[in-house]
Amino acid sequence: MKVIWVLENIEKNENFYSQLNILMLLASVSLWKRNHREDECIFFGDDITIDFLDRLKVLDLWDTIKPIPNPRKINKSVFWASSKIQVLASVEDPVIIMDNDTHIYKPIKHLLDPDTVYVCNYEVGKGYYPMSADKYVQQLTYKNRWKSQSVNVSFLHLPDPDFTKRYAELSLQMMEEFTAINAPNPQYLIFAEQLLLRHLLDKEEIPYKSIIYTYWDCKAWEWGEDHDQGLWPLVESEQYFKHYGPLKSWIKDSKADQNYDREILHLKNCINLPNLDYSLFKKR
């Protein structure tokens, strides 16, 4: 299986690389390789990021290093995750693609149906996602009566490369169209990335399940009820799987029950690279 990570420095300067975010990336690939040694781990990055990771002497954590393909006319400050979709538009094989803050603590690949799409979790998006009445959505070339159900794409198992490319090309088209009409914020990123994916899966009747079978309520910003189309409920999933997501901002500020120094120590233990040069990136 090809397993993919993507990082693009959208700020084009090295202040972009924080200690927390880089350690999460390195821990993500380290944990996957520890549990799935047979897979080809692939990193896609821009020139600045590949050079930075080379100076850190960590590129050998991946089996293959590639530049981000398919440059598009997309506003990266709004559509900051579009490089991941650019990569998916180029795949020729079944793939797993993970966000850099997604960590897999135990072997899970044997639990995945090889013909089923897997996402991180299902989302209740009512009152959160832009819908058909939105003035920017109305200007898209692709017309649909949008529903508010979505999926979180921090983990994706995509077994059919033809579907993957159809999804990615339409997603990139939407991002380009949103860019051309100055869509103002990343709500339109997740519309073109997450809401669109759920729509296409339903429309084409493609089987899909989630890793975590607890709904995330986007507007309430909390976990909700369970469903029966996934691997684990939220609490049980934590021994196998973690997507940090918005928790990162709490960790940086040591808010609530989060502690920055404790998390950094945990990540260093996951990576086990005692000679890593921490002076190359800013602390937070």
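**Cores.** I looked up the largest nonpolar core of this predicted model and found 52 residues, with Ile-4, Leu-88, Met-174, Phe-178 and Leu-197 having the most contacts inside it. A nonpolar core here is a set of buried Ala, Val, Leu, Ile, Met, Phe, Trp, Tyr and Cys residues joined through side-chain atoms within 4.5 Å, buried being under 20% relative accessible area (1.4 Å probe, protein chains only). Elements that each supply at least two residues include strand E1 (2-7), helix H3 (82-88) and helix H5 (187-203). H5 gives the most, with 10 residues. I noted a second, separate core of 47 residues, which includes Leu-23, Phe-52, Ile-211 and Trp-232.

**Conventions.** I number residues from 1 along each chain as its sequence is written. Local features need pLDDT of at least 70 and side-chain atom pairs 80 or more, totals for chains, interfaces and linings use all residues, and side-chain values use heavy atoms, without hydrogens and water. Helices (H or I, at least four residues) and strands (E, at least two) are DSSP runs, numbered from the N terminus.

**Leu-88.** Leaving out residues up to four places away in sequence, I list among its contacts Val-95, Ile-97, Leu-156 and Tyr-167; contact means heavy atoms within 4.5 Å.

**H4.** At the start of H4, a side-chain oxygen of Asp-160 comes within 3.0 Å of the backbone nitrogen of Asp-162. After H4 comes Asn-182, with a positive phi near 60°.

Notes: Polar contact = N/O pair within 3.5 Å; in protein donor to acceptor, adjacent residues only side chain to side chain. Buried < 20%, exposed > 50% of the residue type's maximum accessible area, 1.4 Å probe, protein only.
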